[in-house]
Amino acid sequence: MSWTRTWAVMAKEFGQLRRDRLTYAMILILPIVQLLLFGYAINGDPRRLETAVLVQDHGAMSRSILTAMENSQYFDITLMARTTGELDEALARGDVKFALTIPADFSRRVVRGDGAQILVEADATDPAATSGALAALASLPQQALSRDLSRIAPDRAATHAPFEVVIHRRYNPEGQTAYNIVPGLLAIILSMTLVMMTALGMARERERGTMESLLSTPVLPLEVMAGKLVPYVGVGLLQSVVILVMARVLFGVPMMGGWMALGLGLTLFIIGSLALGFLISTVARTQLQAMQMSFFYMMPSILLSGFMFPFSGMPGWAQAIGTAIPVTHFLRIVRGALLKGVGLAEAAPSLFALVVFCIVVTALAMTRYRTTLD
């Protein structure tokens, strides 16, 4: 064995790696990104969760309960509702995670010891996001009114709980994790297959030289792009049908309706994913680079979209990144449609975000496509 020849081969490989700047950048950036995401962005016990309240008893005891809930650091009162319908709409749209109702006769029942109750409704579509807050409610009856009762009814201040917290887990009463994970897999699987297949397919065409040969024909570049991407739309729709059928048959995921919102969101998400894969293919020079860039997109899509970890538990900067990812909005549409039965009106913010993503990525893909392939 000649160390001189071995060293020559090593020098050649290092030189080739240095010339492949994209791969070199991925090698350095990916570990840093993973470390930052897992170290700072992932939080399995979210705090300061959005809460809507409907207070029908405006006494001192109601104010004590609201103060105690906010002091627990799990609840952040963001909406003072006037009707139960307003609470339901806020939960359906996903604006809040909890809805608290304090009835009109609450203070009178507490003073009389007549079985006072408050109602806490939780958006249980993601059980992991609300489990910590629901557990914190167990100590609320003993602590929230301790000062009020010591002044009004000192004989009952420490004997028994002055009221009961009735918890209603909306949309997922049994807390089934599959109801949250399985619908989310629709977004992840479509992203992995459509983005990667498109990026790799176009990069393979470029490596083999068949793309340039095709463009030399009278077919316009826009016609080439449409002809290559439209078949993948059919692939995405077929995958969606298979996943939804298996979710219902194997895991019993409820299908509450919302088919208009789901169908429109699915179409926009497929188009946006294909356009993103096409954009990646115009940047990547080889199939290896296309795969690396696709993986670089998939990692934050899985970690920051709310698929694996609660979105509300992430810091502000991580939520900002997650909001820019289309998977985040499609997850909200899928879970809202299947578990809540939301319509187009409730899903409008997420649908609008997908429309913007499709327009921006398609425009970038067309611009880059024309400058790299002429």
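**Note on charged and aromatic side chains**

1. Asp76 counts as partly exposed because its relative accessibility is 25%, where buried means under 20% relative accessible area, exposed means over 50%, and partly exposed covers what lies in between (1.4 Å probe, protein chains only). The model is a predicted one, in which local features need pLDDT of at least 70 and side-chain atom pairs count only at pLDDT 80 or more, while totals for chains, interfaces and linings use all residues. Residues are numbered from 1 along each chain as its sequence is written, and side-chain values use heavy atoms, with hydrogens and water left out.

2. On confidence, the mean pLDDT (the predictor's confidence in each residue, from 0 to 100) of the protein chain is 84, and 91% of its residues reach 70 or more. Confidence is lowest in helix α10 (residues 210–215), with a mean of 68, and highest in strand β3 (residues 98–102), at 94; helices (H or I, at least four residues) and strands (E, at least two) are DSSP runs numbered from the N terminus.

3. Arg48, in the loop between α2 (21–41) and β1 (49–55), has a positive phi near 50°, and at 37% relative accessibility it counts as partly exposed. Gln73, in the loop between α3 (60–71) and β2 (75–80), has a positive phi of about 70° and is partly exposed as well, with a relative accessible area of 39%.

4. The count of salt bridges (a side-chain nitrogen of Lys or Arg within 4 Å of a carboxyl oxygen of Asp or Glu) comes to nine. One of them joins Arg48 to Asp76, with the closest N and O atoms 3.7 Å apart, and this pair links distant parts of the chain, since Arg48 is in the loop between α2 and β1 and Asp76 is in strand β2, 28 residues away. Glu121 and Arg170 meet at 2.8 Å, N to O, linking strand β4 (residues 116–123) to strand β5 across 49 residues, and both Glu121 and Arg170 are buried. Salt bridges with shared partners also join Asp105, Arg108, Arg109 and Asp114 into one network, within which Asp114 and Arg109 come to 3.4 Å, N to O.

5. Which buried residue has no salt bridge, although Asp123 is 4.5 Å away? That residue is Lys97, for which Asp123 is the nearest side chain of opposite charge, with Lys and Arg counted as positive, Asp and Glu as negative, and His and the chain ends not counted. Lys97 lies in the loop between α4 (84–93) and β3, and beyond its neighbours within four places in sequence its contacts (heavy atoms within 4.5 Å) include Glu50, Glu121, Asp123 and Ser312.

6. The structure holds three aromatic pairs, a term for rings of Phe, Tyr and Trp (its six-membered ring) with centres within 6.5 Å, called stacked if the planes are under 30 degrees apart, edge-to-face if over 60 and tilted otherwise. Phe75 and Phe98 pair edge-to-face, at 5.0 Å centre to centre and 70° between the planes, with Phe75 in strand β2 and Phe98 in strand β3, 23 residues apart; both are buried. Phe106 and Phe163 are edge-to-face too, because their centres lie 5.5 Å apart and their planes stand at 70°.

7. Finally, Arg47 lies over the face of Tyr74, 4.3 Å from the ring centre, and Arg332 over the face of Phe311, at 4.9 Å; the rule asks for NZ of Lys or CZ of Arg within 6 Å of the ring centre and within 35 degrees of the ring normal.
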